[in-house]
Amino acid sequence: MSRYILAAIAGMWMADGLALLSAPLLVMQRLQESLDGSPNLLRWQAIGIVLGIILLWWAAPLPYQPLWWMTGGAMVIKSGFLIWGPVTWRLSLLNWCFTREAVDYRFFGLWLCTLAVLLLHALGLLHG
């Protein structure tokens, strides 16, 4: 079961990464509009905390272990900050994120795709 959940995490990273690679400004515009319309959407970051903990716990025996620890820890910290961080800091960070250029989002998308491929490789789902 843990392999399937870790593969699902990789799938989410790949989907997000490909969206940011193909239409970065549209994706970020839609995200900003969604958050402007319903700021409570940030509470869904609790899922990021759970997935980060799952990554920390279940990816321990996999290759690239330090990468999964850093990534899982970053997921927990980022999600926790977006839920419980000081409002002014959170808004400043989000405003900064929404004013990046398309190339910045594409680099982040490339990073997400790379993480997805590495996790799938560590799970033994990619051969080569």
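Predicted model: local features only at pLDDT ≥ 70, side-chain atom pairs only at ≥ 80, totals over all residues.

Biologist: What does the secondary structure of the chain come to?

Modeller: The chain has six helices and zero strands, and reading along the sequence gives the pattern α-α-α-α-α-α. The radius of gyration is 15 Å, close to the 14 Å that the globule rule gives for 128 residues, so the chain is as compact as a globular protein of that length.

Biologist: And what does the C-alpha trace span along its principal axes?

Modeller: The C-alpha trace spans about 40 × 30 × 20 Å, and buried residues make up 32% of the 128 residues in the chain. Among contacts between residues at least 6 apart in sequence, 76% join residues at least 24 apart.

Biologist: Okay, at what angle do helix 2 and helix 6 pack?

Modeller: Helix 2, residues 24–37, packs against helix 6, residues 102–122, at an angle of about 90 degrees, and their axes are 9 Å apart. That makes helix 2 roughly perpendicular to helix 6.

Biologist: Which residues in helix 2 and helix 6 meet there?

Modeller: From helix 2 come P24, L25 and M28, which meet A102, Y105 and R106 in helix 6. The residues of this contact divide into five nonpolar, no polar and one charged.

Biologist: Changing topic, is Q45 buried or exposed?

Modeller: Q45, which lies in helix 3 (residues 45–58), counts as buried because its relative accessibility is 18%, and the cut-off for buried is under 20%.

Biologist: What does Q45 touch, then?

Modeller: Leaving out residues up to four places away in sequence, Q45 touches K78, S79, L82 and I83. The side chain of Q45 makes a polar contact of 3.0 Å with the side chain of K78, and another polar contact of 3.0 Å joins the side chains of Q45 and S79.

Biologist: Last one: where does S92 lie?

Modeller: S92 lies in helix 5, residues 87–98, and is partly exposed, with a relative accessible area of 48%. A polar atom of the S92 side chain lies 2.9 Å from the backbone oxygen of T88.

Biologist: How far apart in space are S92 and V103?

Modeller: From C-alpha to C-alpha, S92 and V103 are 21 Å apart in space, while in sequence they are 11 residues apart.

How values were computed:
Residues numbered from 1 in each chain as written. Heavy atoms only, no water. Axes fitted to C-alpha atoms, helices over the stretch in contact; angles between N-to-C directions. Helix = DSSP H or I, 4+ residues; strand = E, 2+ residues; numbered from the N terminus. Parallel < 35°, antiparallel > 145°, perpendicular 65-115°, else oblique. Contact = heavy atoms within 4.5 Å. Nonpolar A, V, L, I, M, F, W, Y, C, P; charged D, E, K, R; others polar. Buried < 20%, exposed > 50% of the residue type's maximum accessible area, 1.4 Å probe, protein only. Polar contact = N/O pair within 3.5 Å; in protein donor to acceptor, adjacent residues only side chain to side chain. Rg over C-alpha atoms; globule rule 2.2 N^0.38 Å.
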